[in-house]
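Keep the sequence at hand as you read.

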Amino acid sequence: MRKVTSLGEVVGPGPTTPNAYRAAVIGTGFMGRVHSHAVRAAGGEVVGVAGSSPAKAEGFRLANGIAHAHADALELIHREDVDVVHVCTPNHLHAPLSLAALAAGKHVVCEKPLATDADTARSLVSAAREADRVAVVPFTYRFHPMAREARALVASGSIGRVSLAHGGYLQDWLLYPEEDNWRVDPEIGGPTRAFGDIGSHWCDMLEFVTGDRIATVCAQTSRVNDTRDGRPVATEDLVSFQFSTAGGTIGSAVISQVSPGRKNQLVLEVSGTEGSLAFDQERPETLWAGSRGRTGTITRDDPALSADAARLVTVPVGHPQGYQDCFNALVRDTGAAIAGQAPEGLPVFADGLRAAVIAEAVMASARERRWVDVPEVDAV
């Protein structure tokens with residue numbers, strides 16, 4: 001097990017990024033910066049960047065110390081010194097760029113949603129399998145140590161049989177009608193916005209922590225702003241849904257991009273027959289644990305921390321770990337997978353397909369005002 005000493009030294013074995021992690025980053029926005037930093041933090045190299053314009057690519061190159069800027073993303077993908085392509089573009093470009101990278105023999109890290117519909121996501125899973133490449137979707141919150149600890153505790157049976165799960169993902173960045181973004185446009189962002197963007201993270205966290213699959217959903221959606229910056233809006237601001245799982249758990253969640261004061265609050269609480277666990281992404285240093293006899297918090301320096309959680313601890317308690325640390329760990333595990341080490345919990349294209357299938361079931365339920373079954377995708 002890896003441990004962090006009081007001086008912040010990480011000791012013990014853990015997956016490391018191989019030297020041949022030479023990345024192309026396509027996209028020059030916030031996610032492009034996060035991916036670029038993570039590649040370097042994990043020991044890799046960003047050899048080139050492409051953006052929506054030559055000027056943006058060059059500006060990103062200069063600001064981030066990258067050797068090459070490319071006006072053509074396909075030219076960057078086909079560079080001989082690129083091992084992994086990171087796709088950080090608007091959603092409608094995820095599939096064509098990922099397919100091009102796989103066809104060129106590259107490994108891929110593609111931002112979610114993997115595709116704007118399930119059929120296209122299914123074709124990407126098949127393409128990754130046929131190319132025999134590592135293909136990752138950044139469900140990044142899996143890489144909080146306390147999320148891994150919750151998963152380990154559920155798997156060990158310490159909270160008994162899971163019977164209830166609930167929570168949500170709340171933001172406020174699209175609260176006002178003058179606030180707009182490419183995600184609002186279904187031609188670019190896809191037919192679902194709030195659920196596709198952040199609801200997918202919540203569902204992935206639920207299924208990852210519990211090891212159980214959502215089997216059926218009953219959802220409703222709402223728009224607070226019917227226009228944005230003078231343009232009509234077709235995608236949802238809010239989603240509320242109930243669900244049941246294959247294992248018999250029932251629950252509910254609320255997804256919002258228009259909740260004032262909530263910046264990025266992903267909360268998941270899981271109740272079993274012996275105990276409950278609650279994780280809050282905005283307070284990721286602790287995991288709440290309760291039972292009939294007592295309640296308390298688990299921290300990153302708990303001596304009983306599971307091995308999978310402990311390996312993700314990189315600094316001592318009191319020195320907060322956060323979102324960028326999760327991304328660094330995801331890229332490090334991607335490199336380990338490329339090297340054949342197969343790390344635990346790496347989210348791959350099949351998980352992206354899973355998210356697309358759930359999203360389509362949620363939107364169909366809201367549209368048709370009925371319970372909708374979620375198809376299983378393991379056989380794909």
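Residues 24 or more positions apart account for 68% of the contacts with a separation of 6 or more in the protein, where contact means heavy atoms within 4.5 Å. This is a predicted model: local features need pLDDT of at least 70, side-chain atom pairs count only at pLDDT 80 or more, and totals for chains, interfaces and linings use all residues. Residues are numbered from 1 along each chain as its sequence is written, and side-chain values use heavy atoms, with hydrogens and water left out.

The protein holds 11 helices and 19 strands. These are DSSP runs numbered from the N terminus: helices are H or I with at least four residues, strands are E with at least two. The radius of gyration is 20 Å, close to the 21 Å of the globule rule for 380 residues, so the protein is as compact as a globular protein of that length. The radius is taken over C-alpha atoms, and the rule is 2.2 Å times the number of residues to the power 0.38. The C-alpha trace spans about 60 × 55 × 40 Å along its principal axes. Of the 380 residues, 54% count as buried, meaning under 20% relative accessible area with a 1.4 Å probe, protein chains only.

Six strands form an open sheet in the order 5-4-3-6-7-8, with parallel pairing. Two strands pair if DSSP finds at least two bridges between them. Strand 5 (68-70) and strand 8 (135-136) are the edges, each pairing on one side only. Inside the sheet, five bridges join strand 3 (residues 22-26) to strand 4 (residues 45-50). Helix 4 (residues 94-103) lies across strand 3, strand 6 (84-87) and strand 7 (107-110). Its angle to strand 7 is about 165 degrees; axes are lines fitted to C-alpha atoms, for helices over the stretch in contact, and angles run from 0 to 180 degrees between N-to-C directions.

Elsewhere, strand 17 (residues 286-290) and strand 18 (residues 295-299) run antiparallel, joined by five bridges. They form a hairpin with four residues between them. Leu287 stands opposite Ile298 in strand 18.

Now the interior. A nonpolar core is a set of buried Ala, Val, Leu, Ile, Met, Phe, Trp, Tyr and Cys residues joined through side-chain atoms within 4.5 Å. The largest has 80 residues; Phe195, Trp202, Phe241, Ile255 and Phe349 touch the most other members. Helix 11 (residues 349-368) gives the most to this core, with 12 residues. A second, separate core of 26 residues includes Ala42, Val49, Ile66 and Phe143.

Technical notes:
Buried means under 20% relative accessible area, exposed over 50%, partly exposed in between (1.4 Å probe, protein chains only).
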